[in-house]
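Open the model in a viewer and keep the selection panel at hand.

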Amino acid sequence: MEDAVLIHESYDVDRLREDFPVLEQTVYGKYPLVYLDNGASSQKPKQVVETMEKYYYHHHANIHRGVHYLSQEATTQYEVARDKARDFMNAPHSREVLFTKGTTDGINLVAYSYGRKYLQEGDVVLVSTMEHHSNIVPWQIVCEEIGAKVVPIPINEAGEIDQEAYASMLGPKVRMVAVNHVSNTLGTINPVKDMIALAHQHGIPVLVDGAQSAPHLTIDVQDLDCDFYAISGHKMYGPTGTGILYGKEKWLDAIPPYQGGGEMIQTVTFEKTTYNELPHKFEAGTPNIAGGIALGAAIDYLNSIGLDRIAAHENDLLEYTTKALLEVEGMRIIGTAANKASVISFLIGDIHPYDAGTILDKMGIAVRTGHHCTEPLMNRFEIPGTVRASFGLYNTRAEADRLLEGVHKVVQLFG
Ligand code: 7TS
């Protein structure tokens with residue numbers, strides 16, 4: 001705890017904010033922007049944008065195919081970014097680190113490639129009740145084709161996965177467990193390491209949706225021993241349309257390619273086509289080269305600050321804001337897990353989240369309202385949606401105060 005305090009005190013948030021020009025603006029010509037929608041997407045530091053600009057102005061060529069200087073240079077930069085992603089997740093090998101368009105893309109890859117090979121009629125894919133639609137719907141599509149089914153693991157009132165129920169649901173019909181590391185709506189940090197160990201006792205592989213963990217927690221896929229881990233670049237201060245899927249080599253070798261095309265083949269004839277080695281087997285076509293390289297810059301940026309320091313800063317904001325919000329009459333926080341990341345979903349009395357969000361917006365405060373692509377979770381809590389404030393590395397206590405001011409205004413107008 002003492003360490004966390006020290007880390008927090010040495011954190012120069014004003015200095016970091018200078019890296020994000022977008023934060024300097026006023027909205028509706030009046031209010032300084034308070035950006036609390038980091039769960040949906042985070043803002044980009046100059047270091048990331050400048051990396052993209054430099055790449056396009058000076059280094060662009062298609063990769064992995066040119067003998068010429070520029071192509072080799074672009075290839076090297078792209079592969080260096082892959083190595084950065086490998087280190088970021090502590091993956092054993094770069095060939096287990098696939099560039100994707102994002103978490104959704106990574107999960108679809110696994111659902112289709114693994115699902116089509118290993119799922120059979122009557123099989124079960126376990127997901128938690130708090131999953132984002134991206135970790136439900138791809139499984140439903142594949143299961144529907146095959147006659148398998150997606151079964152939700154229940155959660156408790158605090159928004160934690162019911163571990164007893166989970167243990168009892170594992171069995172011979174279960175072919176995959178797919179859970180998020182951090183819930184985008186509740187902020188719950190799930191005990192995925194223990195869940196993976198338990199699934200492995202039954203020989204069941206586990207996919208972890210790390211969309212919300214990557215910007216906040218240190219990821220160590222070897223320590224977790226997960227089979228797949230998917231993240232999105234745009235939520236970790238990197239470009240949109242980028243992401244990483246880590247997969248254990250044994251699985252990536254065993255499952256078929258997701259998409260066919262250039263780059264993913266070894267030889268093509270009309271009689272028989274053979275596939276390229278990892279990771280290229282899963283990277284058909286010309287990728288988002290600039291995005292991948294700039295994702296490497298985002299990883300450098302996070303490392304230069306330190307994820308532990310970012311987490312300490314965000315935890316301070318989480319505690320500070322939660323405490324203050326709870327003093328508002330009629331306040332109900334959805335998601336009160338013991339282990340939480342910096343996401344606060346709330347409802348005030350019977351004020352509709354959309355009304356609250358609209359007033360906050362008019363005061364320059366960007367939050368997300370609605371079901372947050374977690375409709376089954378909303379049904380579980382029997383609510384139409386929530387107002388969600390999600391903090392990033394550049395947010396401040398002064399901004400939390402602005403949110404509170406906004407909430408009081410909402411109460412005054414609708415309460
Ligand atoms: N999984 C989780 C846990 C997420 O929070 C999201 C996006 C995704 C998957 C999908 O990520 P993508 O980058 O492929 O789109 N979550 C949100 C959100 O909370 N608000 O907008 C997007």
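**Ligand and surroundings**

Select Thr104 together with the ligand: an N or O atom in the Thr104 side chain is 2.5 Å from an oxygen atom of the ligand. The model is predicted, so local features need pLDDT of at least 70, side-chain atom pairs count only at pLDDT 80 or more, and totals for chains, interfaces and linings use all residues. Residues are numbered from 1 along each chain as its sequence is written, and side-chain values use heavy atoms, with hydrogens and water left out.

Next, pick Arg368, where a polar side-chain atom lies 2.5 Å from a nitrogen atom of the ligand. At Lys235, a polar side-chain atom is 2.9 Å from a ligand nitrogen atom. Taken alone, the ligand exposes 490 Å², of which the protein buries 88% (Shrake-Rupley method, 1.4 Å probe).

Now show the whole shell: 15 residues surround the ligand (a heavy atom within 4 Å). The closest include Asp209, Ser232 and Arg388. By class, the shell holds 2 nonpolar, 9 polar and 4 charged residues, with Gly counted as polar and Asp, Glu, Lys and Arg as charged.

**One step out: Ser134**

Move to Ser134, in the loop between strand S5 (124-128) and helix H6 (137-146) (DSSP runs, at least two residues for strands and at least four for helices). Is Ser134 buried or exposed? Ser134 counts as buried because its relative accessibility is 10% (buried is under 20%, exposed over 50%, 1.4 Å probe, protein chains only).

Display the side chains here. Ser134 makes a side-chain polar contact with the side chain of His132 at 2.7 Å and another with that of Thr104 at 3.2 Å (a pair of N or O atoms within 3.5 Å, one able to donate a hydrogen and the other to accept it).
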